[in-house]
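Open the model in your viewer and keep the selection panel handy.

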Amino acid sequence: MENQRKRRLESEGFMKPDNSPALSFPARDEHFMRQALEEARKAAEADEVPVGAVITVGDRIIARGHNLTETLNDVTAHAEMMSITAAADALGGKYLPQCTLYVTVEPCPMCAGALGWSQIGRIVYGASDPKRGFSRFCSDGLSPLHPKTIVTPGVLAEEAGQLMSSFFKRKRRKSR
Ligand SMILES: [Zn+2]
């Protein structure tokens, strides 16, 4: 299964056989963000707030996660938390400096704190979250993230935002 997927990615030019990055940064970021959007759709299908994430090392996805707060009855079960745990498990170590997290919506302060503890190398997110996003709580250069973490906002932001707004629209219609 894993090999099959790798071969497909190779044939589409996403991966060189030697596993080195084959795509330029913007194209790679969009490719992996689409995978995170897939996860977000899984959340929406389970009636969960549609946020999805994947964690990569180079061109390889080592962890996937989506929001499971309703399913697990756990406010900490955000997509990022699920994928941090899965990534550490896949790598056999709790620090993730070689990893990139792709998440469809800007992380909240809780997840930003956990990502800080994980020392993740890079965070790429889609839609901004002006109410709950961590950047609202950062000022004067203060941030819960690790000082070496590189942040890239706004990748496929529109798609991620649309998933969220149509989910909440549907919710409001149901509750009426
Ligand atoms: Zn969160």
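A nonpolar core here means a set of buried Ala, Val, Leu, Ile, Met, Phe, Trp, Tyr and Cys residues joined through C-beta atoms within 7 Å. Keep in mind that this is a predicted model.

**Stop 1: the core.** Select A36, L101, Y102 and V103: these have the most contacts inside the largest nonpolar core, which has 38 residues. Helix α2 provides the largest share, 6 residues.

**Stop 2: Y102.** Which residues does Y102 touch? Leaving aside residues up to four places away in sequence, show F32, M33, Q35, A36, A53, V54 and V124.

**Stop 3: helix α4.** Select residues 109-118, then highlight the buried ones: C111, A112, L115 and S118. Looking down the axis of α4, you will find these buried residues within an arc of 115°, so they line one face of the helix. Their cover includes α3 (79-91), β3 (100-105) and β4 (122-127). Step on to Q119, which follows α4 and has a positive phi, near 60°.

**Stop 4: helix α5.** Select residues 157-175, a helix of 19 residues that reaches 27 Å from first C-alpha to last, close to the 27 Å expected. Its buried residues are A160, L163 and M164. They fall within an arc of 90° seen down the axis of α5, so they too line one face. Show α2 (25-45), β3 and β4 to see what these buried residues pack against. Then turn to the face of α5 that points away from the buried side, where E158, S165, S166, K169, R170, R172 and R173 are exposed.

How values were computed. Residues numbered from 1 in each chain as written. Predicted model: local features only at pLDDT ≥ 70, side-chain atom pairs only at ≥ 80, totals over all residues. Buried ≥ 20, exposed ≤ 12 C-beta atoms within 10 Å, placed from the backbone. Helix = DSSP H or I, 4+ residues; strand = E, 2+ residues; numbered from the N terminus. Arc of directions from axis to C-beta. Contact = placed C-beta atoms within 7 Å. Expected span 1.5 Å × (residues − 1).
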